[in-house]
Amino acid sequence: MATAYYMQLVIEMTEAGTDQEHIPMILYNKPQIPDRTSFLLGRSKEDPTPQIIDCGKRLTADGADLIAIPCITAHALHEQIQKQVPVPIIHAIKETAAYLRQEGICKVGLEATDGTIHTKVFQQELEANGIQVVLPSEKKQEMVMHIIYNNVKAGLAVDMERFAAVEEELLTEGAEVILLGCTELSMISRDEAIGSAYLDVMEVLSRAAVCSCGTLKAEYQRLLR
C-alpha cells in the first residue's frame, strides 16, 4: 500500500494537463524482500540489501533515470545500495533534513521503526543540519511499532488512541514538527485527519521525485501546513 500511495502522490503532485505531461514511472513491487528492521536489529540474518540492489538494477535496465525507495527503513542501507546501482537513488532523509532547515525548524519528533531509530540515520542527518531530534519513550516506541506492524502492515484499522498518545508525548517534549518516518505511517496521513503537526517523509520523497523529473504543482511547494 505504501508503494501504491507513493505512486499516487507523484501523480497528484505533478503539474500536468494531459496524460502525456505526467512522469513515466516503472514500478517494481517486491513484498518478499526480507524485513529491514529485523536485519538491522540483528534479529535476522536475512540481508535485504542484495534483493534491493537487484530491484535497482532491474529498474535501471528497464530505463529508469532516477529511483525512489518507498521504504524509509531501507535508507539505512542507502550507501551500500547506491554503490551498486548506476542511477541516482533519492535519499528521503537527506531531502527531509534539507526541507526542515529551509523551513527554519529546529526541533522535531520522530516516529519510525526500531530499525530506523537504532541506526540513527535520521538523528545523524538532522543533527548535522542543526535540527534536534526527540524520540518516543520506550513505551511510546512500542506503540509506534504496534501501529506499523500490528495495524498497517496487517491491514487492520489503526489504533488512533495509541497514535494520539505518541503525538502528545513528542509535542510535550518540545517538537515543533513530528516526522512520519515510516511509509506505513504515511497511510495514517492519507486516511485520517491528523492535523498540521506532522511532516510525512513519503510526501518529501514524492516531492523530490517530481522536482527532479517534472513540474511540481504550486500547492506542494510547502508541505508543512
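**Helix H9 and the cysteines**

Helices (H or I, at least four residues) and strands (E, at least two) are DSSP runs, numbered from the N terminus.

Please keep in mind that this is a predicted model, in which local features need pLDDT of at least 70 and side-chain atom pairs count only at pLDDT 80 or more, while totals for chains, interfaces and linings use all residues. Residues are numbered from 1 along each chain as its sequence is written, and side-chain values use heavy atoms, with hydrogens and water left out.

Which residues of H9 are buried? They are Phe163, Val166, Glu169 and Leu170, and, seen down the axis of H9, they fall within an arc of 130° (taken from the directions from the helix axis to the C-beta atoms), so they line one face of the helix. The face turned away from that buried side carries the exposed residues Glu161, Glu168 and Thr172. After H9 comes Gly174, with a positive phi near 100°.

Turning to the cysteines, the count of disulfides, meaning pairs of cysteine sulfur atoms within 2.5 Å, comes to 0. The sulfur of Cys71 has its closest cysteine sulfur in Cys182, 7.0 Å away, which is too far for a bond. Cys71 is buried, at a relative accessible area of 14%, whereas Cys213 is partly exposed, at 46%.

How values were computed:
Buried means under 20% relative accessible area, exposed over 50%, partly exposed in between (1.4 Å probe, protein chains only).
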